[in-house]
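Hi, here are my notes on the model you sent over. Have the structure open while you read, and take the points one at a time.

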Amino acid sequence: MLQLVLLILVTLTTLTQSQKCKFPKQDMSVCDRGFLAFSPQRFIQERKFDASEFKLLGVSRHGREGVWMYESRENPGEPVTVKSKFGESGEESYKEEEDEEYPHNYNLHIQPDKLIPGKYIYVSESGSSCTFFVY
């Protein structure tokens, strides 16, 4: 009996030591440096806050101009502008704050009944981006 327990223990130890976990070598953030996203991953039926309201802060190098994009789960890699996808149902806004660290405030509001799962991506004039995932 003792030999069987030792055999199982040695086998389990060998198996756990031989398994290698591969972690990404780079940071897997949803936003490029200089952005601060509020709730970048959310569900449509969110109860704690309005899931159709996207708030994003940016540092000064990102500038005022940018565009909100939408990428569906059915067509990955083919983003379209929020304006072309949602029309009047999507409202983009920009506000400059007096905050030294994050002076840019980018907002997107989609009418709650029009909000659909997918990626909502803000791309700044500097080329940096931040992605919100809606499930």
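1. Are phenylalanine 86 and tyrosine 120 buried or exposed? Both are buried, where buried means under 20% relative accessible area, exposed over 50% and partly exposed in between (1.4 Å probe, protein chains only).

2. A quick word on what you're looking at. This is a predicted model, in which local features need pLDDT of at least 70 and side-chain atom pairs count only at pLDDT 80 or more, while totals for chains, interfaces and linings use all residues. Residues are numbered from 1 along each chain as its sequence is written, and side-chain values use heavy atoms, with hydrogens and water left out.

3. Now the rings. There are 13 aromatic pairs in the structure; rings of Phe, Tyr and Trp (its six-membered ring) pair if their centres lie within 6.5 Å, and planes under 30 degrees apart count as stacked, over 60 as edge-to-face and the rest as tilted. Phenylalanine 54 and tryptophan 68 make a tilted pair, because their centres are 6.3 Å apart and their planes sit at 45°. Phenylalanine 54 belongs to strand 3 (residues 53-58) and tryptophan 68 to strand 4 (residues 66-71), so this pair ties together parts 14 residues apart in sequence. Helices (H or I, at least four residues) and strands (E, at least two) are DSSP runs, numbered from the N terminus. Phenylalanine 54 counts as buried because its relative accessibility is 0%, and tryptophan 68 does so at 1%.

4. Back to the two residues from point 1. Phenylalanine 86 and tyrosine 120 form a stacked pair, with 6.0 Å centre to centre and 25° between the planes. Phenylalanine 86 lies in helix 2 (residues 82-86) and tyrosine 120 in strand 8 (residues 118-124), so the pair ties together parts 34 residues apart in sequence. Ring pairs also link a whole cluster, including Phe35, Phe54, Trp68, Phe86, Tyr120 and Phe132.

5. Strand 8 deserves a look of its own. Five of its seven residues are buried, so strand 8 is largely enclosed by the rest of the structure. Six bridges join strand 4 to strand 8, and the two run antiparallel; strands pair if DSSP finds at least two bridges between them. Strand 8 also has six bridges to strand 9 (residues 129-134), again antiparallel, and tyrosine 120 has phenylalanine 132 in strand 9 as its bridge partner. Strands 8 and 9 form a hairpin with four residues between them, and glycine 127 in the turn has a positive phi of about 95°.

6. Which order do the strands take in the open sheet of five? The order is 2-9-8-4-5, with mixed pairing. Strand 2 (41-42) and strand 5 (80-81) are the edge strands, each pairing on one side only.

7. There is also an open sheet of four strands, in the order 1-3-7-6 with antiparallel pairing. Strand 1 and strand 6 (90-96) stand at its edges with a single partner strand each, so one side of each has no neighbour in the sheet.

8. Last, the core. The largest nonpolar core has 19 residues, and Phe54, Leu56, Trp68, Ile110 and Tyr120 touch the most other members. Such a core is a set of buried Ala, Val, Leu, Ile, Met, Phe, Trp, Tyr and Cys residues joined through side-chain atoms within 4.5 Å. In soluble globular proteins, nonpolar side chains tend to be buried together.
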